[in-house]
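Biologist: I am new to this structure. Can you walk me through how the chains meet?

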Amino acid sequence: MIFTQKEFYHIIRDRWTMMMLVALPVLMIILFGFGITTEIKNSQFAILDLSRDVATQGIVNRLEASDYFTLEGYVTNTSQIESVFREGKIGLLVIFGQDFYEQLVRTGEAQIQLIADGTDPNTASTLVSYATSIIRGYQQELTASDQQGVPYQILPEVKLLYNPTMEGAYNTVPGVIGMILILICAMMTSVSITKEKEMGTMEVILVSPMPPLLIILSKVIPYFTISIINLTTVLLLSVFALNVPIVGSLWLLVFISLVYIIVSLALGLLISSVVEKQLVALLISAMGLILPIVMLSGLMFPVENMPIALQVVAQFIPAKWYIVAVKNVMIKGLGFSSILKEFMVLSGMGLIILTISLKKFKIRLE
Amino acid sequence: MNPIIVSDVYKKYGKVQALEGVSFEVEKGEIFGIIGPDGAGKTTLFRILTTLLIPDSGEALIDGHHVVNHYKTIRNMVGYMPGRFSLYQDLSVEENLKVFATIFDTTIQENYHLIKDIYQQLEPFKTRRAGALSGGMKQKLALCCALIHKPAILFLDEPTTGVDPVSRKEFWEMLKKLRDQGITILVSTPYMDEASMCDRIALIQGGNFLKIETPTNIREQFKKILWSVQSSRMFPLLKDLRKYHIVKTSFAFGDTHHVTIDQSGEDYVSDQLTMDYLRRYLEDKGHTEIMIQPIKATIEDCFMELSH
Amino acid sequence: MSVIVAKNLTKRFGQFVAVDNISFEIEKGEIFGFLGANGAGKTTAMRMLCGLSLPSAGKGTVAGFDIEKQSEEVKAHIGYMSQKFAMYEDLKVWENLRLYAGIYGVPHKEIMPKIDQLLENLGFTSKKNTMVSALPLGWKQKLSFSAAIFHQPEIVFLDEPTGGVDPSTRRRFWELIYQAAEQGITVFVTTHYMDEAEYCNRVSIMVDGKIEVKSFYQAESMDQVFQKLARKAKRNSD
């Protein structure tokens with residue numbers, strides 16, 4: 001339909017709009033993702049070995065032999081743990097309990113504790129996963145060498161010091177997606193509608209027999225399309241450039257994103273129905289939407305650590321729910337049941353905002 | 001029934017009374033001009049008639065349809081060209097026309113005969129973006145866009161503002177052609193000199209209609225004695241004229257001053273004598289090259305007379 | 001004495017010749033109408049005379065200063081009023097005037113008495129503390145003209161000054177212009193409205209970057225002259 005096509009022309013012909021729509025998401029992902037170090041080499045680690053037997057020695061040797069780790073030294077008792085980390089020399093501490101080998105042989109199971117420095121959660125999780133895989137390699141070797149073929153199991157117990165919930169860098173990807181989508185949907189929609197009001201073209205359209213719903217739809221479709229393109233770019237970038245994998249179902253991720261896009265578009269419509277000027281629309285979307293998203297959605301600070309009042313405010317921010325859902329699906333790999341609540345909240349918000357903005361859409365100039 | 005019937009319409013924005021009880025009727029196939037300065041209430045009136053605003057009180061009917069209750073019917077049958085030419089600056093001439101045709105659920109081909117004369121002038125530039133057109137071309141394109149759905153009534157709010165005189169003249173010629181095809185046209189302008197292009201005009205100021213008449217009649221009905229006065233030094237002349245006791249009003253009108261004479265005073269004897277007195281008075285004041293002659297009132301004279 | 005002299009002034013933007021070899025002289029105290037349709041080159045020509053834009057070729061002096069080499073002096077000796085930038089809406093009447101006076105370097109001590117004097121002449125004394133946004137259009141116009149000549153420039157440039165005001169307001173505005181001219185200020189008015197032109201002592205008409213007519217205004221309708229000339233115009237865009 002030509003009316004939608006015209007909207008695309010507006011977008012394509014304005015260099016700045018185009019730049020913003022295409023370059024901004026890429027730029028944001030790269031900027032935010034910069035902190036994500038994907039490969040770690042020769043990271044310092046320490047050992048607290050209360051057993052000092054064959055097995056513990058075997059594991060320590062293996063860790064030391066790998067490219068990833070360099071042994072800093074031994075810790076002799078638990079009271080020292082805090083201080084080694086505080087000195088900041090090591091990123092990982094491996095603790096073997098007493099009688100490690102004996103337990104392993106007797107029960108076929110033994111526990112190993114991995115403590116990582118959570119201030120840089122990204123590095124921490126990388127270190128932990130490297131260590132775990134080395135330990136698993138040793139465990140397989142042990143099982144294979146056993147004549148009776150008893151399966152040995154070494155269970156790593158992971159603990160993060162300073163940042164037990166692992167808030168941080170991995171969050172940037174869901175956070176940036178949440179932000180880009182609201183930026184494009186809400187801001188661009190509201191700006192493009194108010195632009196027509198300012199130019200006076202809205203007057204002519206209103207006087208035409210074109211039904212308001214159609215006006216809205218044709219305004220919204222281009223931005224809907226662009227946000228889907230952006231979603232794709234951002235996901236591709238995060239998977240291939242930043243190595244943040246999509247652990248869960250891609251379709252579930254896309255589905256919840258669509259819900260969120262609709263909420264954002266509805267927000268844009270709402271803004272444009274109350275506001276007359278482009279500049280005001282821009283300010284409202286920037287100050288009223290983007291700032292709270294950055295501050296309150298958990299993108300930068302974990303919601304749990306905020307004062308109660310802010311936590312309450314955060315509940316009303318669509319991006320907060322969306323980011324949680326994306327984390328669950330994309331990072332943790334959970335299924336639909338895990339994001340049911342987020343889905344319900346987002347759909348509810350979308351429905352309410354859409355109803356209000358459709359009601360508020362003026363068929364006249366007052 | 002007349003295509004536009006307005007009775008006693010009031011409209012207020014906050015504290016500003018934009019329209020104070022306006023009533024008039026426009027006949028079919030007539031160019032009706034609303035003439036008045038900025039802020040007189042012209043745009044408010046247009047927006048009420050095009051269903052974009054709701055009047056505080058009073059009624060308006062477009063082709064028998066109520067502007068508030070039957071706004072949808074009205075939107076199907078009127079063409080509207082708002083004050084600033086409402087075009088998409090970043091779309092080409094052709095694309096603009098297409099968009100507006102689509103909005104009104106028609107195609108360019110369907111009513112091409114209506115816009116043909118106007119559009120042919122634009123055709124060489126049809127791929128140029130509307131933002132890069134001159135004022136006159138924008139105005140023509142906006143008119144095409146307003147005509148594309150073959151409206152029965154055309155509302156043109158200040159279509160000639162900011163457009164050069166040549167384009168303005170051509171524009172009025174186009175309006176006359178459209179009128180001859182039976183389209184009713186309501187048009188507003190701040191330029192008094194365009195009044196003569198209309199079949200009937202309403203002079204508006206401060207939300208009130210001062211008068212509704214044909215342009216000729218308005219000028220005929222100017223009852224005062226009106227002279228144009230010239231001398232070599234125009235500004236002192238204006239001051240001196242105002243000091244002269246039988247001069248009622250004196251205003252600069254381009255290269256001459258227009259002067260009305262107080263006929264009621266005892267110093268008024270007859271036109272010719274009074275004129276001689278005035279000439280002598282001015283000569284005493286040191287003016288040279290004095291020229292005084294009786295003239296017929298222009299619409300501007302009438303407007304100023306009525307608004308006082 | 002000629003206060004404005006333009007000799008073969010030309011301005012090119014790339015291939016496009018916006019102002020094509022124009023020459024004219026304007027006498028002190030004259031009201032000079034500079035006419036032309038949209039896109040004829042009026043604004044470009046005026047910008048060169050105001051020292052805002054350098055000519056590509058040709059010479060010009062304004063108030064005795066070279067527009068190319070002494071553009072700062074030129075600016076100090078002219079006043080400028082455009083309809084778009086009239087007054088700061090969120091400042092009071094006297095604050096606006098003080099601002100203009102300050103910009104043009106009127107000595108500090110003289111400012112306030114002069115403002116009072118000016119407001120009295122205009123009959124605005126009661127509005128001294130009114131916000132400009134609360135004034136009617138006609139008053140704003142008068143005020144911004146008064147501000148433009150507050151520092152008693154030799155020349156005042158008016159860019160399309162009186163579009164859209166009611167007839168009586170417009171007349172009162174022109175009376176102010178006449179008054180300024182009487183005091184010896186040269187008035188340079190650009191406009192594309194014919195009725196405006198008729199108030200001027202002398203007019204020039206610009207068509208496609210060239211000046212086609214410069215003559216004392218005569219009885220022939222200005223409108224007709226303009227129509228004739230502009231029909232020849234080839235340039236269409238702004």
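This is a predicted model: local features need pLDDT of at least 70, side-chain atom pairs count only at pLDDT 80 or more; totals for chains, interfaces and linings use all residues.

Biologist: What area is buried between chain B and chain A?

Modeller: Here 31 residues of chain B meet 26 residues of chain A. The size of an interface is often given as the accessible area lost when the parts come together. Carbon and sulfur atoms give 62% of that area between chain B and chain A. The total is about 2800 Å².

Biologist: Which residue of chain A forms a salt bridge with Glu95(B)?

Modeller: The count between chain B and chain A is two salt bridges. In the one with Glu95(B), the closest N and O atoms are 2.8 Å apart. The partner is Arg13(A).

Biologist: Which element gives the most to the side of chain B that touches chain A?

Modeller: Three elements of chain B each supply at least two residues to that side: α2 (71-77), β6 (78-81) and α3 (93-103). The top one gives six residues. That is α3(B).

Biologist: Which residue of chain C pairs with Arg242(B) in a salt bridge?

Modeller: Chain B and chain C have three salt bridges between them. In the one from Arg242(B), the closest N and O atoms are 2.5 Å apart. The residue is Glu175(C).

Biologist: How far apart are the end C-alpha atoms of helix α4 of chain C?

Modeller: The helix covers residues 108-122, 15 residues in number. At 1.5 Å a residue, it should span 21 Å. The model agrees, because its end C-alpha atoms are 22 Å apart.

Biologist: Which residues of α4(C) are buried, and what covers them?

Modeller: An α-helix has 3.6 residues a turn, so residues three or four places apart point the same way. In α4(C), the buried residues are Ile111(C), Ile115(C), Leu118(C), Leu119(C) and Leu122(C). Their cover includes α3 (93-103), α5 (137-148) and α6 (167-182) of chain C.

Biologist: Which residue just after α4(C) takes a positive phi?

Modeller: The phi in question is about 75°. The residue is Gly123(C).

Technical notes:
Residues are numbered from 1 along each chain as its sequence is written. Chains are lettered from A and ligands numbered from 1 in the order in which they are written. Side-chain values use heavy atoms; hydrogens and water are left out. Contact means heavy atoms within 4.5 Å. Buried area is the accessible area (1.4 Å probe) that two parts lose on being put together, summed over both. A salt bridge is a side-chain nitrogen of Lys or Arg within 4 Å of a carboxyl oxygen of Asp or Glu. Helices (H or I, at least four residues) and strands (E, at least two) are DSSP runs, numbered from the N terminus. The expected span of a helix is 1.5 Å times one less than its number of residues. Buried means under 20% relative accessible area, exposed over 50%, partly exposed in between (1.4 Å probe, protein chains only).
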